[in-house]
Amino acid sequence: MTDATKSLDVITIGRSSVDLYGSQVGGLLEDMGSFDKYIGGSPTNIAAGTARLGLRSALITRVGDEHMGRFIRSQLAAEGVDVRGVKTDPDRLTALVLLGIRDEDQFPLIFYRENCADMALSEDDIDEGFIREARSVVATGTHLSNPKVEAATLKALRIARAAGMQTALDIDYRPNLWGVAGHGDGESRFVESAKVTAKLQSTLHLFDLIVGTEEEFHIAGGTTDTIAALRAVRAVSGATLVCKRGAAGAVAFEGAIPDSLDDGQTGPGFPIEVFNVLGAGDGFMSGLLKGWLDGADWPTALTYANACGAFAVSRHGCTPAYPSLAELEFFLDRGVVRPDLRNDPELEQIHWSTNRKGRWDSVKTFAFDHRLQLEEMAGYTSAKGAAFKELCLEAALRVQAGQGGYGILCDNRIGRRALHRASGTGLWIGRPTELPGSRPIAFEPELGEDLGQFREWARENVVKLLVFCHPGDDADTRATQEARVKRLFTAARRGGLEFLLEVIPSKVGPVDDTTTATLIEQFYAAGVYPDWWKLEPFKTEAAWQNAVAAIEAHDTHTRGIVVLGLDAPEAELAQSFALAAKQPLVKGFAVGRTIFGDAARAWMTGAMDDAAAVEQMAGRFARLCEIWDKARAGAGVNKE
């Protein structure tokens, strides 16, 4: 339950790293050929995991003043985590971890943490006012292993205890990080150490909730007899103890420890395939904290925790595997359909669509991804085409002026320099894949026969595909096009890229108020779930309502629709904008030749210089943005 007097529900404190996960499953870590990059470190994972579940989360840690530190900060912000407590260390590098999935029992990992940024966290980094903004503080065991970071952690806990806040500990025992196992033993989860036990036991009285595996309670309790270890912890702490038991689920003990683990409070487990246990405990902790801080009983909180742990062990990576609240609720309501959750299409669609980064409530887009239209202009050369598209980008950036809600469509064949320059500017970036004019649809040859070029795309690029199609297409044409669209969509999703599907039936046959809605239904039936739709400007409100209803019937989490321009004059676009803007699902427009057509024809022949071309295009783009904003305001549609 949310406390209106507090701005945060939970602050986690401790490790923060970049995880480089081996992409190949089943091989030796030393033989990995490529890696996927994620945020990592138990407190970092928990901060993101709880944010996905709707808690207002923050993290206290340090990162380096370099690319990996910026990556962690930006990813946390994208997850909705408050990053005011993430300090930048000017002298140390961000920690790295290399990990692999060998099989269901072996998960080799190497910690690169020598004098890393998060281990320099100090008492000066703990701001009392910030701590008091939260309802709870969560610490992890690793940051009790070094005097400096221990002091910082204990300061945060004492502030929290004095303020009457709730406190929790994830024992998170990594022998390697306590110096009782070597660099090559990063996978090790338990090595006996009286020194570690003594250090942990000196702090356990500071917590209301203590969570660990049986092995982690063994180190906290100083014995490998689990019941005896739990009783040793109970002797120094009145906290609720939650013991994770792997496939057997987890148990909670609020009072005296019984003679059997089976006598604790439990929540149902889930029969799923174990694919990757790394990060599963952090997923479990995220779900547990959601229940605990919402005031749920322990069986309910453990149900959340077990479910979040199940998601984690069935997917690649740590934080990327954790569910959104909508996904968790869907899973608990529907249950397990197949044990390998990562291959459950319905579940994975909800996972993808509810965990996308960033918000795009407005997408006012300058489309200059045209290829054929430019190539046919008098005076065109490939060098001129590339230079002109950089001018288009300059015009878009002039209108954007650092604000959100603006985008471009730009190709790689002619506009490569502009496309690459656009990355990091804050623009929404769509990138075409269709061979211009093709029907049945064909793809740009640069994508490769296996569509393997997607692995080279910047992650912020949105895969855009234009299909000339119509409900009246013959069966062979429809089957061919749907199969090719599904293939491209699948490849884009596998590459972690959002997908925009543009359909234009009016160039194929007559249209009415149901034509586009029928096409939308057909593509969903074929298993294609676009993040974005790009649709023709309809002439009636009924056509818009039908199209929107068709989308929302299949995907309530779609990003939305952009309306295309079709080289229409400004007055005609204004009319189409007024109609489209009535639909909240329509997020903006994508207009091209209306903006750049005249400038391109003049510039290619030398009748207009660079500055004049940019000035004209920026003026026209800005005017269309103004028309759209007025149409949206006039329709009374509030931005989400």
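This is a predicted model: local features need pLDDT of at least 70, side-chain atom pairs count only at pLDDT 80 or more; totals for chains, interfaces and linings use all residues.
## Helix α18

Helix α18 covers residues 570–580, and its buried residues are L573, S576, F577, L579 and A580. Viewed down the helix axis, these buried residues fall within an arc of 160 degrees, so they line one face of α18. A571 and Q575, on the other side of the helix, are exposed.

What do the buried residues of α18 pack against? Their partners are the helices α17 (541–554), α19 (593–604) and α20 (610–635), together with the strands β20 (560–564) and β21 (586–591).

Across the whole structure, a search finds 18 aromatic pairs. One of them joins F311 and F331, with ring centres 4.9 Å apart and planes at 55 degrees, so the pair is tilted. F311 sits in helix α9 (residues 298–313) and F331 in helix α10 (residues 325–334), so the pair ties together parts that are 20 residues apart in sequence.

Are these two residues buried or exposed? F311 has 0% relative accessibility and counts as buried. F331 also has 0% relative accessibility and counts as buried.

## A buried arginine

R52 is part of helix α1, which spans residues 42–52. Why does R52 count as buried? The cut-off for buried is under 20% relative accessible area, and R52 counts as buried because its relative accessibility is 10%.

Leaving aside residues up to four places away in sequence, R52 touches E79, T319, P320, Y322, P323, S324, L325, H351, N355 and K357.

## Charges over rings

Two further contacts place a charged side-chain end over an aromatic ring. The charged end of K37 lies over the ring of F71, at 3.4 Å from the ring centre. For R342, the ring is that of F275, and the charged end sits over it, 3.9 Å from its centre.

Definitions and conventions: Residues are numbered from 1 along each chain as its sequence is written. Side-chain values use heavy atoms; hydrogens and water are left out. Buried means under 20% relative accessible area, exposed over 50%, partly exposed in between (1.4 Å probe, protein chains only). Helices (H or I, at least four residues) and strands (E, at least two) are DSSP runs, numbered from the N terminus. The arc is that of the directions from the helix axis to the C-beta atoms. Contact means heavy atoms within 4.5 Å. Rings of Phe, Tyr and Trp (its six-membered ring) pair if their centres lie within 6.5 Å; planes under 30 degrees apart count as stacked, over 60 as edge-to-face and the rest as tilted. A charge sits over a ring if NZ of Lys or CZ of Arg is within 6 Å of the ring centre and within 35 degrees of the ring normal.
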